[in-house]
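Dear colleague,

Please find below the structure that I am handing over to you. My notes on it follow directly after.

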Amino acid sequence: DLESSATPAAVLLPGVTLAPLNAELRNRHQVPASVSGLVVAESSGAKGTIKVGVVITEVNGRRVRSSEEVRSLLRPGLNRLFVWHKGKYSVLPYNVR
């Protein structure tokens with residue numbers, strides 16, 4: 001259930017709620033089993049937020065599987081998120097203020 005597994009990411013990524021990938025979320029966002037990380041389960045849609053369905057696989061070159069890992073790896077200033085979305089991987093620069 002999303003409520004118990006999702007982490008409000010206000011501390012991590014403002015306007016975004018991250019959740020571990022489970023069968024329901026993989027199916028909803030068409031994420032293959034080969035992709036691991038945290039999915040953006042909810043997003044405010046405000047400028048600078050990450051879209052729903054984006055899977056964060058790495059933060060600053062380190063693989064992530066939990067919100068705690070994301071929190072520990074984000075640094076003030078520019079961060080590099082390696083993400084999967086709609087069938088392809090890309091690098092997403094993300095600025096933490």
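I begin with Gly61, which counts as partly exposed because its relative accessibility is 39%, a value between the 20% limit for buried residues and the 50% limit for exposed ones. Gly61 lies in the loop that links β4 (55–59) to β5 (62–63). Its C-alpha atom is separated by 9.6 Å from that of Asn79, and the two residues are 18 apart along the chain. Please bear in mind throughout that this is a predicted model.

As to the overall architecture, the protein has three helices and seven strands. Along the sequence they follow the pattern α-β-β-α-β-β-β-α-β-β. The protein has 97 residues, of which 39% count as buried. Among contacts with a separation of 6 or more, 37% are made by residues 24 or more positions apart. The protein exposes about 5,800 Å², and carbon and sulfur atoms supply 51% of that area.

Returning to Ile50, its contacts beyond four places in sequence are Leu13, Val16, Val40, Ser43, Ile56, Leu81, Leu92 and Tyr94.

His29 also deserves a note. This residue is found in helix α2 (residues 23–29). His29 counts as buried because its relative accessible area is 17%, and the limit for buried is under 20%. Setting aside residues up to four places away in sequence, His29 touches Val39, Val40, Val52, Gly53 and Trp84.

Gln30, in the loop between α2 and β3, has a positive phi of about 55 degrees although it is not a glycine. Is Gln30 buried or exposed? Its relative accessibility is 66%, so Gln30 counts as exposed.

Strand β6 (residues 77–85) pairs with strand β7 (residues 88–96) in the antiparallel sense, over nine bridges. Within this pairing, Trp84 stands opposite Tyr89 in β7. Two residues lie between the strands of the hairpin, where Lys86 takes a positive phi near 50 degrees. Lys86, too, is a residue other than glycine with a positive phi. With a relative accessibility of 73%, Lys86 counts as exposed.

Finally, the structure holds one aromatic pair. It is formed by Phe82 and Tyr89 and is stacked, with 5.2 Å from centre to centre and 5 degrees between the planes. Phe82 counts as partly exposed because its relative accessibility is 26%. Tyr89 also counts as partly exposed, at 40% relative accessibility.

With kind regards

Conventions
Residues are numbered from 1 along each chain as its sequence is written. This is a predicted model: local features need pLDDT of at least 70, side-chain atom pairs count only at pLDDT 80 or more; totals for chains, interfaces and linings use all residues. Side-chain values use heavy atoms; hydrogens and water are left out. Helices (H or I, at least four residues) and strands (E, at least two) are DSSP runs, numbered from the N terminus. Buried means under 20% relative accessible area, exposed over 50%, partly exposed in between (1.4 Å probe, protein chains only). Two strands pair if DSSP finds at least two bridges between them. Contact means heavy atoms within 4.5 Å. Accessible areas come from the Shrake-Rupley method with a 1.4 Å probe; for residues, only the protein chains shown count as cover. Rings of Phe, Tyr and Trp (its six-membered ring) pair if their centres lie within 6.5 Å; planes under 30 degrees apart count as stacked, over 60 as edge-to-face and the rest as tilted.
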